[in-house]
Amino acid sequence: MLREILSDRDFDHLAERYRLAFGFDLICVDNNGQLVYGTSACPHITQCHAMCAAYHKRTVTEAYRWGEPCVNFCPAELAIWGMPIMRNSQFLGGLVVTGVALEPQSNLKGIQTACQELQKLVEEMDLTNSALLEKHRLEAQRARQQAEAIHDLHGHIYEDIREIYIREEPDLLAAIKKGERQKAREIINRVLVGVYFIGRDRKDLLKFLILELVVMMSRAAVEAGAEPTGILGANYRVLSDLANIDDEAALSQWVTHIMEGLMGAIQHHTSYPHLVLLSRALDFMRHHLDKKINRDEVARLAGMSPGHFSRMIKETTGKTFSDILTGYRVDRATDLLAHTDKSLVQIALECGFMDQSYFSRVFRKIHGRTPGEYRRCLQG
């Protein structure tokens, strides 16, 4: 099935682009780490061939788990990284870079950039499940935040639940009112660590303390402008869900879900002009065209849910998010073609088109001619 997703011809084209851009060779492996396309650049392949497949598999499996490339080291102490290839949620194999020495020192920075660009390349060529990887990245981020909260708590064990609320409640209320989701998540993680410690031996006490936290967040939401009756109804509905949760990880996710819902309720009723938020989002898009931009990320920046953000864009501009982003990219490309001597490849990358052929197709669809033809026409 992997060969149905990526043909040998497409792999050769992709691998050549990557090698020219970063100087690293790609291989394609199946879900057991066995070579499908390409040739490993590792100079020790003959000595450790038997272990290579295991390291290939581990590399793409970890990338799948964390939602992004992770740099590992093979038995020869050479760097290896990769990205999974998937059809829907089915893991089929991956693209892997092997045999990279950490010397010279300049390789270190190059590896970081090459990892990021490999992820962009795989996602933009639709060789993987970007939504699932994003979900895994968020889960990993939350796990890291909880670990950091545990570290911060070391040497300062709360003896009384009131101390937790006295210390953390003001900042949490302020973050929820302002819609600062990241800050609110960090505070909730700290509160949960303390709550788990105090209620660690009694599930009934633990759930009672969690309910107090939900009440505190709900009060902040109402004070920030959310509809009280809607908040009250939501709280009644979640009581039955809480009764069926026994796992601490699930409990943490449940609290975070409640917080996200409360912030959504605040933003739905806020008097802050949506046009101002939308303008901020569009400005962000215009200034980050060389980066991978997705609707959900921009919606978060605008303080809206993805669905509401899409409706606001359509109602305000008459265009979809994708149409606007593509228009910005092509407008920027048009300006660079007219006023710079940059190559078509450079312009495509600066405008967020990782594939030059795709750049040409999109540009021609809008302007009726390819980028090269457009530049030659300007030059007379």
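How many helices and strands does the chain have? The chain has 17 helices and five strands, where helices (H or I, at least four residues) and strands (E, at least two) are DSSP runs numbered from the N terminus. The model is predicted, with local features requiring pLDDT of at least 70 and side-chain atom pairs counting only at pLDDT 80 or more, while totals for chains, interfaces and linings use all residues. Residues are numbered from 1 along each chain as its sequence is written, and side-chain values use heavy atoms, with hydrogens and water left out.

The pLDDT, the predictor's confidence in each residue from 0 to 100, has a mean of 77 for the chain, and 71% of the residues reach 70 or more. The pLDDT is below 50 over residues 153-159, a stretch with 13 contacts in the model beyond near neighbours in sequence; contact means heavy atoms within 4.5 Å.

Of the 380 residues in the chain, 43% are buried (under 20% relative accessible area, with exposed over 50% and partly exposed in between; 1.4 Å probe, protein chains only). Among contacts between residues at least 6 apart in sequence, 62% join residues at least 24 apart.

In helix α14, the buried residues include Phe321, Ile324, Leu325, Tyr328 and Arg329. The 19 residues of α14 should span 27 Å at 1.5 Å a residue, the expected span being 1.5 Å times one less than the number of residues. The end C-alpha atoms of α14 are 27 Å apart, which agrees.
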